[in-house]
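Please have a look at the model below, and let us walk through it together. We will begin with charged side chains and finish with the outline of a whole chain.

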Amino acid sequence: MHRNTARPLSPHLTIWRWGPHMAVSIINRVTGVGLSVVGAALFVWWLVAAASGAEAYETFAGVATGWLGVLVGVGLTWALVFHTFGGIRHYVLDIGAGYELRTNRRWSWIVIGASVVVTAAIWLYILGGR
Amino acid sequence: MGHGTGIGRVRGLGSAKGGASHWAMERMVSLATLPLFVWFLVSLLRLPDLSYTTVVNWLGSSLNAVLMVLLVVTTFVHLKQGMQVVLDDYVHDEGTRVLTNVALVFLSVAGGAAATFAVLQIAFRGTAN
């Protein structure tokens, strides 16, 4: 059976015109990959350190509370919050709703804005002494 | 083109060569991660601190340990499913695509096993004191 092997497959970054909707979609992937690699590694380190004992936990805590640790922590928090809101947006799109151009554009901006606001709120709470 | 039924002509053409059930499972698993992550973040923020003793005592509770194991399992399954889609889409050489997918399964299972064992180890050991 004949198949057109030149069919366009992902990535479509060179085909789509950039807009908030496609940006939110691709950032959802990028944050997912970041969480899968950096987030999962640190998550496993944290749990294994806690299971290994106080000394191993202190090593982790020392890195996590340093300036680099806090920077990575803020980045991972934003990635997790964005991926969550972006994921909820995809659920709405998956049931076939929200494809009207204006609606799609508005909710994409809301995902971007909400991810920044919620991340800021979480870290102000942490750094503000809980 | 032009032979067979409509479904027969399009079947297997996507980058994953199939995937309706994967698509549905991916959504079901991520639905489970959502409340678990809300619980996880709120719990961490509500702890007085994140010191060794506090965290170990927190995971010493059966409820927290069970929820934590559920979080670990759903998260690593979601990680595997999501990264698989990324690899299928962006790794265009077929041999590399298969090999990276195998590495992904091995790594995600290993990570999930290590994290699950750590939670159980803490929970079964009891409190830090």
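In this predicted model, the side chains of B:Arg27 and B:Glu26 meet in a salt bridge, with N and O 3.3 Å apart; the term stands for a side-chain nitrogen of Lys or Arg within 4 Å of a carboxyl oxygen of Asp or Glu. B:Glu26 is buried because its relative accessible area is 15%, where buried means under 20%, exposed over 50% and partly exposed in between (1.4 Å probe, protein chains only). B:Arg27 also forms a salt bridge with the side chain of A:Asp94, at 2.5 Å from N to O. This second pair crosses between chains, running from helix α2 of chain B (residues 20-46), which holds B:Arg27, to helix α3 of chain A (residues 67-94), which holds A:Asp94. Helices here are DSSP runs of H or I with at least four residues, strands are runs of E with at least two, and both are numbered from the N terminus. A:Asp94 has 29% relative accessibility, so it counts as partly exposed.

Before we move on, a word on conventions. Residues are numbered from 1 along each chain as its sequence is written, while chains are lettered from A and ligands numbered from 1 in the order in which they are written. As the model is predicted, local features need pLDDT of at least 70 and side-chain atom pairs count only at pLDDT 80 or more, whereas totals for chains, interfaces and linings use all residues; side-chain values use heavy atoms, with hydrogens and water left out.

Over all chains, the structure holds five salt bridges. One of them joins B:Glu94 and B:Arg97, whose closest N and O atoms are 3.0 Å apart. Both residues belong to helix α5 of chain B and sit three residues apart, about one turn of the helix. B:Glu94 is partly exposed at a relative accessible area of 41%, whereas B:Arg97 counts as buried at 11% relative accessibility. Back at the chain crossing, shared partners link A:Asp94, B:Glu26 and B:Arg27 into one network of salt bridges.

Let us follow helix α5 of chain B, residues 94-125, to B:Ser108. Leaving out residues up to four places away in sequence, B:Ser108 touches B:Phe76, B:Leu79 and B:Lys80, a contact being heavy atoms within 4.5 Å.

B:Val119 lies in helix α5 of chain B as well, and is buried with a relative accessible area of 0%. Which residues are in contact with B:Val119, apart from neighbours within four places in sequence? They are B:Leu59, B:Ala65, B:Met68 and B:Val69, together with A:Leu47 from chain A.

Finally, step back to chain A, which has four helices and zero strands. Its radius of gyration, taken over C-alpha atoms, is 19 Å, well over the 14 Å that the globule rule gives for 130 residues, so chain A is more spread out than a compact globule. That rule is 2.2 Å times the number of residues to the power 0.38. The C-alpha trace of chain A spans about 60 × 40 × 25 Å along its principal axes, and 34% of its 130 residues count as buried.
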